[in-house]
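Please look at the sequence and the structure below, and keep both at hand while reading the report that follows.

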Amino acid sequence: MRLTKERFGGLLFLLLSLAYGYHATQIPGYPGDEYEPFTASTLPYALAGVGVLLSLILICSPGGERLGKESGNWRLVFALLGLMLVYGLALGWLGAVVVTAVFLAPTEVFTGPGVQLGLVAVPVPGAAWCE
């Protein structure tokens with residue numbers, strides 16, 4: 001069995017699902033929860049199980065393009081990952097509306113002017129509504 005892009009993605013998703021399932025076991029239960037059909041950890045267990053199942057299907061599926069070095073704009077990828085990290089850290093301090101607006105300006109610069117409407121039309125009103 002050779003390592004393809006699909007199998008590599010499935011392996012990463014399997015690791016993510018297993019870690020999520022492990023952390024779902026750390027959710028504390030309240031007294032009397034053992035008699036309830038749906039508790040705080042029911043949905044995380046189900047999501048972890050579905051994630052493991054789907055990743056195993058992806059790993060065991062035949063074919064796919066062989067894994068190799070990708071050509072692409074890795075600088076852009078890491079710049080956007082850094083912006084997302086800053087977004088997550090600043091969200092608690094500045095609030096959703098301010099951080100979303102500040103996040104969208106450099107994202108528009110990095111990705112180019114072709115996707116301006118989609119970047120602003122959905123997240124800003126959504127963040128303002130949730131605030």
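## A polar contact at Thr 100

In this predicted model, the side chain of Thr 100 makes a polar contact with the side chain of Tyr 87, at a distance of 3.1 Å. Thr 100 has its place in helix 4, while Tyr 87 lies in helix 3.

Tyr 87, at 25% relative accessibility, counts as partly exposed.

## Two aromatic pairs

A pair of aromatic rings is described by the distance of the centres and the angle of the planes. In this model the count comes to two aromatic pairs. One of them is formed by Trp 74 and Phe 78, whose ring centres are 6.3 Å apart and whose planes stand at 35°, so that this pair is tilted. Both Trp 74 and Phe 78 belong to helix 3, where they are four residues apart, or about one turn of the helix. With a relative accessibility of 46%, Trp 74 counts as partly exposed, whereas Phe 78, with 56%, counts as exposed.

Because Tyr 87 lies in helix 3 and Phe 103 in helix 4, the pair ties together parts that are 16 residues apart in sequence.

Which residues make the nonpolar surface patch? The patch, of about 760 Å², is made by Leu 85, Leu 89, Trp 93, Leu 94, Val 97, Val 98 and Val 102. The elements that give two or more residues to this patch are helix 3, which runs over residues 74-94, and helix 4, which runs over residues 96-111. The largest share, four residues, comes from helix 3.

Trp 93, one of the residues of the patch, is found in helix 3. Its relative accessibility is 72%, and Trp 93 therefore counts as exposed, since the word is used for values over 50%.

Technical notes. Residues are numbered from 1 along each chain as its sequence is written. This is a predicted model: local features need pLDDT of at least 70, side-chain atom pairs count only at pLDDT 80 or more; totals for chains, interfaces and linings use all residues. Side-chain values use heavy atoms; hydrogens and water are left out. Patches are made of residues with over 30% relative accessible area and no salt bridge: like charges are joined within 9 Å, nonpolar side chains (Val, Leu, Ile, Met, Phe, Trp, Tyr) within 5 Å. Accessible areas come from the Shrake-Rupley method with a 1.4 Å probe; for residues, only the protein chains shown count as cover. A salt bridge is a side-chain nitrogen of Lys or Arg within 4 Å of a carboxyl oxygen of Asp or Glu. Buried means under 20% relative accessible area, exposed over 50%, partly exposed in between (1.4 Å probe, protein chains only). A polar contact is a pair of N or O atoms within 3.5 Å; within protein, one must be able to donate a hydrogen and the other to accept it, and residues adjacent in sequence count only if both atoms are side-chain atoms. Rings of Phe, Tyr and Trp (its six-membered ring) pair if their centres lie within 6.5 Å; planes under 30 degrees apart count as stacked, over 60 as edge-to-face and the rest as tilted.
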